[in-house]
Amino acid sequence: MITVKCPECNHAHSFNDQHFGKSAQCRKCQARLKIIPNQPVAPIAPAPQYAAAQAIPQQVVIQQSSDTSSTLAAIINLLFPPFGFLIQGRVGTFVLYLIAWFFSILLIFVGIGLVTTPGLWLIGIIDAANHKG
Ligand SMILES: [Zn+2]
């Protein structure tokens, strides 16, 4: 038995195997049916996936270009924190980090800054590196 679903109305039809490859008419909407199992339709389904897989590298290329600026910003935050955020155009973030750095450096005198400053430094690098365009 071959089960064929009508492409028009989705009505399921059953045909004997000897009708394989022949044409028939939908009993419900009179649309033309090709008597082939529904499975051969499946190879068509991976096609959009393949197209999507092809589209992904293009997206990666776009991401890479923004990753380049993220990498650059991370390197600058590594050497001159938090100026890397300015490269990313994140002025608000830059100001916030600058204030945090100011207090963190002040806190070095009471010891806490010895923990918060390296932390801030590290977070700033990760933050810049993870930022997407
Ligand atoms: Zn039909």
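Me: What covers the buried residues of helix 3?

Reply: The cover includes helix 2 (84–87) and helix 4, where two residues are in contact if their C-beta atoms, placed from the backbone, lie within 7 Å. Helices (H or I, at least four residues) and strands (E, at least two) are DSSP runs, numbered from the N terminus. This is a predicted model, in which local features need pLDDT of at least 70 and side-chain atom pairs count only at pLDDT 80 or more, whereas totals for chains, interfaces and linings use all residues. Residues are numbered from 1 along each chain as its sequence is written.

Me: Which residues of helix 3 are buried, and what puts them on the same side of the helix?

Reply: Phe94, Tyr97 and Ser104 are the buried residues in helix 3, a residue being buried if 20 or more other C-beta atoms, placed from the backbone, lie within 10 Å of its own, exposed if 12 or fewer, and partly exposed in between. They cover an arc of only 90° around the axis (the arc of the directions from the helix axis to the C-beta atoms), and therefore they lie on the same side of helix 3. The other side of this helix carries Val91, Gly92, Ile99, Phe102 and Leu106, which are exposed.

Me: How do you know whether the length of helix 3 agrees with its number of residues?

Reply: The expected span of a helix is 1.5 Å times one less than its number of residues. For the 17 residues of helix 3 (residues 91–107) this gives 24 Å, and the end C-alpha atoms are 24 Å apart, so the two values agree.

Me: Why is asparagine 130 called exposed?

Reply: Asparagine 130 has 10 C-beta neighbours inside 10 Å, and so it counts as exposed. Its place is in helix 4 (residues 113–130), and its C-alpha atom is separated by 8.7 Å from that of threonine 71, which is 59 residues apart along the chain.

Me: Which residues make up the largest nonpolar core, and which helix gives the most to it?

Reply: A nonpolar core is a set of buried Ala, Val, Leu, Ile, Met, Phe, Trp, Tyr and Cys residues joined through C-beta atoms within 7 Å. The largest one here has eight residues, namely Ala73, Ala74, Ile76, Phe85, Phe94, Tyr97, Ile125 and Ala128. Helix 1 (46–79), helix 3 and helix 4 each supply at least two residues of this core, and helix 1 gives the most, with three. Leaving aside residues up to four places away in sequence, phenylalanine 85 touches Ala73, Arg90, Thr93, Phe94, Tyr97 and Ala128.

Me: In what sense do strand 1 and strand 2 pair, and what is found in the turn of their hairpin?

Reply: Two strands pair if DSSP finds at least two bridges between them; strand 1 and strand 2 pair in the antiparallel sense over four bridges, with alanine 12 in strand 2 as the bridge partner of lysine 5. These strands form a hairpin with six residues between them, and asparagine 10 in the turn has a positive phi of about 70°.

Me: Why is asparagine 10 called exposed, and what makes the phi of glutamine 30 worth a remark?

Reply: Asparagine 10 has 10 other C-beta atoms within 10 Å, and is therefore exposed. Glutamine 30, in the loop between strand 3 (23–25) and strand 4 (32–34), has a positive phi of about 70° although it is not a glycine. Most residues other than glycine have a negative phi, and most peptide bonds are trans.

Me: Why does methionine 1 count as exposed?

Reply: Methionine 1 has 7 C-beta neighbours inside 10 Å, so it counts as exposed. This residue lies in the segment before strand 1 (2–5), and touches Ser14, Asn16 and Asp17, not counting residues up to four places away in sequence.
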